[in-house]
Structures are given as C-alpha cells and as structure tokens.
Amino acid sequence: MTQAFDAAFGTAFEEVFDAVVLAGGRARRMDGADKPGLPVGGRTLVARVAEAVRDARHLIVVGPPRAELPHATVVREDPPGAGPVPALRAGLAEVRAPWLALLAADLPFLRPGHVAALLDAARRGRGGGAVLVDAEGREQWLAGCWRTAGLRAALAGYEGASLRGVLGPLTPVRVSLGPAGAAGERPPWYDCDTPGALAHARRLLTEGEE
C-alpha cells in the first residue's frame, strides 16, 4: 500500500498495543524451509511483518531467535511446531497491553496503516477484536487485532486446535482493506505459504522497494 495510506491511519489508534507474530511452524508446503527468514524485496518476511507493527509497545515473536529483530521478545510453543494455538498461548503469556495484534510471519504486503485500521475497528466494535478478510470475504485469522483480556478468557477454556475455534466466538469485526487481489496488486492478506506464492510476492515487490 502507499505511504499516504499509512499516514491516513497511522494515528487512528492511540491505545497501547503489543504484537504477537507467529514465526515457527514446520512449513511443510515450503519443503521445511525457514519460511519467516526467506527474503522478499531485500528483507525477510518476518522483518516486513515486524515493520507493520512498528508502533507496538512490545514485539513478541513465537519461533526461533531472529538476528534481524534484536529487540523482540522470543518465545517458543511447547513443543516447537505444535501448531498455532499453542504458539498463541506462548505469545499471549508475554502480552501486557490491553490490545494485541496477532499476525503470521509471512505477510509481505501488510503495512502499519493496515494494522492501525484493524486496531481502530477492534476498539470501535462490540466484539472482542477485528479480523482481516480477503477479497472473497474469508477471515484471515492470523491477521487481526484483539482485546487481550477477552482472548485470554477464550483460551483458558479452549481445548481445540484451530485458531478459528478460539477466535471466531469472540465475534470480531470483519475488516476489508486494500485491493481486490487483481494481477499486479499487493493485498495485505497475501501470505507466502508455497514456493509459488513466494515467487509471486517477489515479482510484485522487487529488490530495494519499500
């Protein structure tokens, strides 16, 4: 997205928030590669997501240590690679702010303005947060912002394995942002789950581009 978008939403949300970035997992569809550490446009995927939450008070990365993120708090789910719900539990234990951004580490086109818009929607809504939806209206559960207390309460009694199962009942605001995903555009929900998706992101975001 453009710098103008970031400027428009950069001050939309004034309450303190923390950020939890899930950067572990087994990356089976990427042949076991360290997906968050793969470069796109001159920076790793996880570094790009960290830049999207640059306004967070506290950056918490669930996964192995990242040299490019020296100021992040790094934790691991138990056991490593156990899945997104155990990873969320591990990250949430470090959250102290009343709100948090919960993000995957493979969103190369997410920008600070998108996060600010999600946080603002969460604050204004009547549910427990806000979740980004894609061009087809599908919730992207690893691109959202949540009220910390509500998320902790939901996890306390949750025994399932899916993020949708724990986040869906919080009745989040569904937020549509950015382009419709046409060729040549950079939707904020775009993730790099496969080698083909990574190659496409690299084509859209060439070396040295912001």
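Student: What makes helix α2 mostly covered?
Tutor: Seven of the eight residues of α2 (residues 45–52) are buried; buried means under 20% relative accessible area, exposed over 50%, and partly exposed in between, with a 1.4 Å probe and protein chains only. Those buried residues are Leu-45, Val-46, Ala-47, Arg-48, Val-49, Ala-50 and Ala-52. Keep in mind that this is a predicted model, where local features need pLDDT of at least 70, side-chain atom pairs count only at pLDDT 80 or more, and totals for chains, interfaces and linings use all residues. Residues are numbered from 1 along each chain as its sequence is written, and side-chain values use heavy atoms, leaving out hydrogens and water.

Student: Why is strand β4 called largely enclosed?
Tutor: Five of the five residues of β4 (residues 58–62) are buried, so the rest of the structure largely encloses β4. His-58, Ile-60 and Val-62 point one way, Leu-59 and Val-61 the other way, and all are buried. Helices (H or I, at least four residues) and strands (E, at least two) are DSSP runs, numbered from the N terminus.

Student: What does β4 pair with?
Tutor: Strand β1 (residues 17–22) pairs with β4 in the parallel sense over five bridges, and three bridges join β4 to β5, again parallel. Two strands pair if DSSP finds at least two bridges between them, so both count. Val-21 stands opposite Val-61, and Ile-60 opposite Thr-73 in β5.

Student: Which strands are the edges of the sheet?
Tutor: Seven strands form an open, mixed sheet in the order β5-β4-β1-β6-β8-β7-β9. The edge strands are β5 (73–75) and β9 (173–176), since each pairs on one side only. Strand to strand, the twist averages 25°. On the β9 side, β7 (residues 129–133) and β9 pair in the parallel sense over four bridges, with Val-133 opposite Ser-176.

Student: How do you know that helix α5 packs on the sheet?
Tutor: Helix α5 (residues 148–156) touches β6 (99–104) and β8 (139–147), where contact means heavy atoms within 4.5 Å. The direction of α5 makes about 115° with that of β8; axes are lines fitted to C-alpha atoms, for helices over the stretch in contact, and angles run from 0 to 180 degrees between N-to-C directions.

Student: What puts the buried residues on the same side of α5?
Tutor: In α5, Thr-148, Leu-151 and Leu-155 are buried. They cover an arc of only 65° around the axis, which puts them on the same side of α5; the arc is that of the directions from the helix axis to the C-beta atoms. On the other side, Ala-149, Ala-153 and Ala-156 are exposed.

Student: Why does Thr-148 count as buried?
Tutor: Thr-148 has 3% relative accessibility, so it counts as buried. Leaving aside neighbours within four places in sequence, the contacts of Thr-148 include Leu-92, Val-95 and Trp-99.
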